[in-house]
Every structure is written in structure tokens, then in C-alpha cells.
Amino acid sequence: MPPTHPGRTATRRPSEPRARLLRTAASLFYREGINGVGVDRVLAEAGVTRATMYRHFPGKEALVTAYLELEDATVKQLVADAEAAGGSPPELLAAVIEGIAQDATRLHTRGCPFINASAEFPDPASPVRAVVRRHRDWFRQTLTELTTAAGVGDPAQVAAALVLLRDAMLVGGYLDGDSVADTFRATARQVAGLTPTPGG
């Protein structure tokens, strides 16, 4: 009998077909819109069967919520990377602002995935909107904690302003190009009471 390890559970490897399906869906949903992409298109491009999809996702809505949870994890990783770099609280806040600005020019160049999804799922009670709401609540709370630690006056109000600025940058960046990120960077630092970047 193999040795047992009390309290330790085996780590399950993620299903490769599930991961491929989710990556494909995420790319298509973000580039072309959720309602404009059918399940058959996702399955064909991912190279998986409908039966495989239903083993992991009961329907398209579940696939959409998984896509948004993946987007949520991407933003959380951005904050985690800034924290891992170390620095004072104001430096951490500045690093998060910079990470958000870079994200808009490197990854999210077609608007905010959460705003886009909300426009396609207008029912506030839908599971999709619940994921959006959790992400925005987390993001606002995280910024409130960062601004509080940095000694910013009225941190909740400043955090709300930073959320609004990110929304505007992601939408504006899709329409007007990368220069919007520079405007976000300068305005966000000003709102947060940080010194301007060189040349800003």
C-alpha cells in the first residue's frame, strides 16, 4: 500500500481541453463580442467536442462567467506583481497605476471586458453580472486599501475616482488609441496625490 499523507490532498492537473476551450472562448468573446460568437465557433476553433464542453461547462453562460473570472484573475495578478516588487505604500500605489496603464495598451485594447459583458447581459441578476459586480467590488476595495496605506486623504473617494478613470481609459483607448493611457497615468497620479512622472 502506498504511503498516505494525512491532511494532504492530491493536486489535480487542469484539464488541457478545458483550458484550451476557455482560452479560445476568452479570445473570441473579447475580440468579437459574446453574443456575436456561437458555441459551435468556439468548439471548432478550440478543437474540442460538444460533449467535452458540457463536461466542464453546463452551457454558454457558464463559459462566459469562466471567461470573466479569468479576466478577474489577470487584474489580480497585476496587483500581486506590483506587491511582489516591494516598495513603500505610495510606490506600490504608483506601480498599480502604471500596471493598469500598461494593461490598456498591451492586453485590453478593445475596451473593458467587464463593461463589454455588462452591455450584452443587461439583467443585473444574471450570473454574468454577478461576476462583474464581484470584480468591481474587489477592485474598488483594493484601491481603497492601497490609498489608505499611502496616506491619501479620503481614500474611498480617491479609489472610486481611480475606478472611474480606468473605465474611461479602457473605453477611450479603444476609440482613441494608446495616448489615452498617458492621460490616465498623469490624471490618476494627480488624483492620488503622487508626484508626476518625469516629463508628465
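How many nonpolar, polar and charged residues are in the lining of the largest cavity? I opened my notebook with that one, keeping in mind that this is a predicted model.

**Entry: the cavity.** I counted one cavity of 30 Å³ or more. I found about 80 Å³ of space in the largest cavity. Its lining is made of Val 75, Leu 78, Ile 100, Asp 103, His 108, Cys 112, Pro 113, Phe 114, Arg 166 and Leu 170. Sorted by class, I got seven nonpolar, one polar and two charged residues, which settles my opening question. I then looked up where the lining comes from: H4, helix H5 (89-106), H6 and helix H8 (155-176) each give at least two residues.

Entry: Next I turned to the largest pocket, which holds about 180 Å³ of space. H4 and H5 are the elements that give two or more residues to its lining. Among the lining residues I noted Thr 74, Gln 77, Asp 81, Gly 99 and Arg 106. The lining of the largest pocket splits into four nonpolar, four polar and three charged residues. I also spotted Leu 78 and Asp 103 in the pocket lining, and both names are on my cavity list too.

**Entry: helix H1.** I checked the length of H1 (residues 16-32): at 1.5 Å a residue, its 17 residues should span 24 Å, and the end C-alpha atoms are 24 Å apart, so the two agree. Its buried residues include Leu 21, Ala 25, Leu 28 and Phe 29. What covers the buried residues of H1? I found helix H2 (39-46), helix H3 (50-56), helix H4 (60-84) and helix H6 (113-120) among the covering elements. Just after H1, Gly 33 has a positive phi of about 95 degrees.

Conventions
Residues are numbered from 1 along each chain as its sequence is written. This is a predicted model: local features need pLDDT of at least 70, side-chain atom pairs count only at pLDDT 80 or more; totals for chains, interfaces and linings use all residues. Side-chain values use heavy atoms; hydrogens and water are left out. Helices (H or I, at least four residues) and strands (E, at least two) are DSSP runs, numbered from the N terminus. The expected span of a helix is 1.5 Å times one less than its number of residues. Buried means under 20% relative accessible area, exposed over 50%, partly exposed in between (1.4 Å probe, protein chains only). Contact means heavy atoms within 4.5 Å. On a 1 Å grid over the protein atoms alone, a cavity is a set of points where a 1.4 Å probe fits but cannot get out, and a pocket is an open set with protein on both sides within 12 Å along at least five of seven lines; lining residues have an atom within 4 Å of a point. Grid points are joined across faces, edges and corners, and a volume is the space filled by probe spheres set on the points. Ala, Val, Leu, Ile, Met, Phe, Trp, Tyr, Cys and Pro count as nonpolar, Asp, Glu, Lys and Arg as charged, and the others, Gly among them, as polar.
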